[in-house]
Amino acid sequence: MSNVPALPLLETEAPGAAVPCCPPLSERPFTAEEAERTARMFKALGDPVRLRLFSAVASHEGGEACVCDVSDVGVSQPTVSHHLKKLKEAGLLTSERRGTWVYYRVEPSVLAAMGQLLAVR
């Protein structure tokens with residue numbers, strides 16, 4: 001288990017809605033803690049292979065993808081597993097083992113929180 005904290009999300013009054021851990025970039029300067037949390041998320045997405053994996057999972061039919069469905073990103077299977085682990089540690093993916101396969105999901109609240117973080121207000 002990793003000791004890297006996941007990107008925290010706060011539930012709002014509407015079920016399933018979320019706000020990012022931090023205010024929109026255009027609202028006010030980040031505190032040091034907010035900048036650390038947000039940087040972990042962007043660092044995880046800063047690798048082209050991770051970004052491709054995140055995109056493949058997010059856009060997969062049904063909102064989840066088996067590792068066998070997203071592993072064709074030009075690197076070996078152990079490297080794919082490493083990158084998926086980093087995305088999970090950053091709080092961007094969740095996973096569930098079903099038999100011999102692992103299925104990955106991007107929670108809708110994560111996508112909503114990311115969009116709100118980058119929103120101009």
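Predicted model: local features only at pLDDT ≥ 70, side-chain atom pairs only at ≥ 80, totals over all residues.
**Helix H1 and its surroundings**

In helix H1, the buried residues are Glu34, Arg37, Thr38, Met41, Ala44 and Leu45. The partners against which the buried residues of H1 pack are helix H2 (48-59), helix H4 (77-89) and helix H5 (108-117).

Stepping back, the protein chain contains 5 helices and 5 strands. Going along the sequence, these elements come in the pattern β-β-α-α-β-α-α-β-β-α. The chain has 121 residues, and 33% of them count as buried. As for how the chain touches itself, take the contacts with a separation of 6 or more: residues 24 or more positions apart account for 58% of them.

Next comes the sheet. It is an open one, made of 3 strands in the order E3-E5-E4, and the pairing is antiparallel. Strand E3 (64-66) and strand E4 (94-98) sit at the edges; each has a single partner strand, so one side of each is left without a neighbour in the sheet. On average, neighbouring strands here are turned by 25 degrees against each other, direction ignored. In general, strands of a sheet pair through backbone hydrogen bonds, either parallel or antiparallel. For E3 and strand E5 (residues 101-105), the antiparallel pairing runs over 3 bridges. Ala65, for instance, has Tyr104 in E5 as its bridge partner.

That leaves the cysteines. A disulfide is a covalent bond between the sulfur atoms of two cysteines, and the structure holds 0 disulfides. Two cysteines can still be compared by their surroundings. Cys66 has 1% relative accessibility, which is under the 20% cut-off, so Cys66 counts as buried. Cys68, on the other hand, has 37% relative accessibility, a value between the 20% and 50% limits, and therefore counts as partly exposed.

Methods:
Residues numbered from 1 in each chain as written. Heavy atoms only, no water. Pairing = 2+ DSSP bridges. Helix = DSSP H or I, 4+ residues; strand = E, 2+ residues; numbered from the N terminus. Axes fitted to C-alpha atoms, helices over the stretch in contact; angles between N-to-C directions. Buried < 20%, exposed > 50% of the residue type's maximum accessible area, 1.4 Å probe, protein only. Contact = heavy atoms within 4.5 Å. Disulfide = S-S within 2.5 Å.
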